[in-house]
Amino acid sequence: MVAEYLLTENTVCGIVLREGRHFVDTQLKRGILEVCVLAELCRGQSYGYRIQKDLARYVSLSESALYHILKRQELAGQVQATSVEHEGRLRRMYSITEKGRARLTEFREQWQEVGRAIEFIEKAAFQNDEE
């Protein structure tokens with residue numbers, strides 16, 4: 001599957017070129033990071049630090065970038081934030097909404113189109129390299 005090709009452990013959010021360098025389009029990475037956050041929230045309600053740690057094995061995501069993403073998603077109605085007390089402090093907990101789940105579905109459909117384009121690129125540009 002193409003998504004597995006692009007999101008394997010060694011090529012997260014990037015396409016590995018023949019020389020082993022990574023190319024990541026900024027907008028593509030931003031979109032994927034936003035969807036990764038939504039996907040993580042499908043596992044259940046969580047808080048920023050835990051989301052960052054859980055995603056760390058898949059994507060590089062700074063704390064500040066994560067909170068910007070969560071804020072945008074909250075404003076878009078894709079996540080809901082609530083404050084809960086934890087060890088005497090308030091902790092902001094995030095959960096995915098129906099709009100967030102709809103965004104994941106939309107991403108999956110768009111990603112299929114990207115997958116077809118990547119298959120074309122592989123066949124057209126690199127087929128002779130492998131022979």
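Trainee: How many salt bridges turn up in a search of the whole structure?

Mentor: Six. Keep in mind that this is a predicted model.

Trainee: Which residues sit in a salt-bridge network with shared partners?

Mentor: First take a pair in helix α5. R103 forms a salt bridge with E106, with the closest N and O atoms 3.6 Å apart. Both lie in α5, three residues apart, about one turn of the helix. E106 counts as partly exposed because its relative accessibility is 39%. Now the network: salt bridges with shared partners join R30, E34 and R72.

Trainee: Where do E74 and R92 lie?

Mentor: Their side chains meet in a salt bridge, 3.0 Å from N to O. This pair links distant parts of the chain. E74 is in helix α4 and R92 is in strand β5, 18 residues apart.

Trainee: What about E40 and R43, how do their side chains meet?

Mentor: In a salt bridge, at 3.5 Å from N to O. E40 is buried, because its relative accessible area is 7% and the cut-off is under 20%. R43 is at 62%, over the 50% mark, so it counts as exposed.

Trainee: Why would such side chains pair at all?

Mentor: Opposite charges can pair when the charged atoms come close.

Trainee: Switching to the fold. What pattern does the chain follow along the sequence?

Mentor: It runs α-β-β-α-β-α-α-β-β-α. That is five helices and five strands.

Trainee: How much of the chain is buried?

Mentor: Buried residues make up 29% of the 131 residues. The accessible surface comes to about 9000 Å², and 50% of that belongs to carbon and sulfur atoms.

Trainee: And what share of contacts join residues at least 24 apart?

Mentor: 48%, among contacts between residues at least 6 apart in sequence.

Trainee: OK, the core. Which residues touch the most other members of the largest nonpolar core?

Mentor: V37, L41, I51, L55, L61, L70 and Y94, out of 21 residues. The elements giving two or more residues are α2, α3, α4, β4, β5 and α5.

Trainee: Which element gives the most?

Mentor: α2, with seven residues.

Trainee: Pick L41. What is L41 in contact with, leaving aside its neighbours within four places?

Mentor: S46, I51, L70, V79, Y94, S95 and I96. Of those, I51, L70 and Y94 are also on the list of residues that touch the most core members.

Trainee: Now Q52. Buried or exposed?

Mentor: Buried, because its relative accessibility is 15%. Q52 lies in helix α3.

Trainee: What does the Q52 side chain reach?

Mentor: The backbone oxygen of L61, at 3.0 Å. Beyond its neighbours within four places in sequence, Q52 is in contact with L61, S62, E63 and L66.

Trainee: Last one, R91. Where does R91 lie?

Mentor: In strand β5, residues 89-96. R91 is at 22% relative accessibility, so it counts as partly exposed.

Trainee: Which side chain does the R91 side chain make a polar contact with?

Mentor: H86, at 3.4 Å. H86 is also among the contacts of R91 outside four places in sequence, along with Y47, T82, S83 and V84.

Trainee: And how far apart are R91 and S46 in space?

Mentor: 9.7 Å, C-alpha to C-alpha. In sequence they are 45 residues apart.

Methods:
Residues numbered from 1 in each chain as written. Predicted model: local features only at pLDDT ≥ 70, side-chain atom pairs only at ≥ 80, totals over all residues. Heavy atoms only, no water. Helix = DSSP H or I, 4+ residues; strand = E, 2+ residues; numbered from the N terminus. Buried < 20%, exposed > 50% of the residue type's maximum accessible area, 1.4 Å probe, protein only. Contact = heavy atoms within 4.5 Å. Polar contact = N/O pair within 3.5 Å; in protein donor to acceptor, adjacent residues only side chain to side chain. Core = buried A, V, L, I, M, F, W, Y, C linked by side-chain atoms within 4.5 Å. Areas by Shrake-Rupley, 256 points an atom, 1.4 Å probe, with all protein chains shown as cover. Salt bridge = Lys/Arg side-chain N within 4 Å of Asp/Glu carboxyl O.
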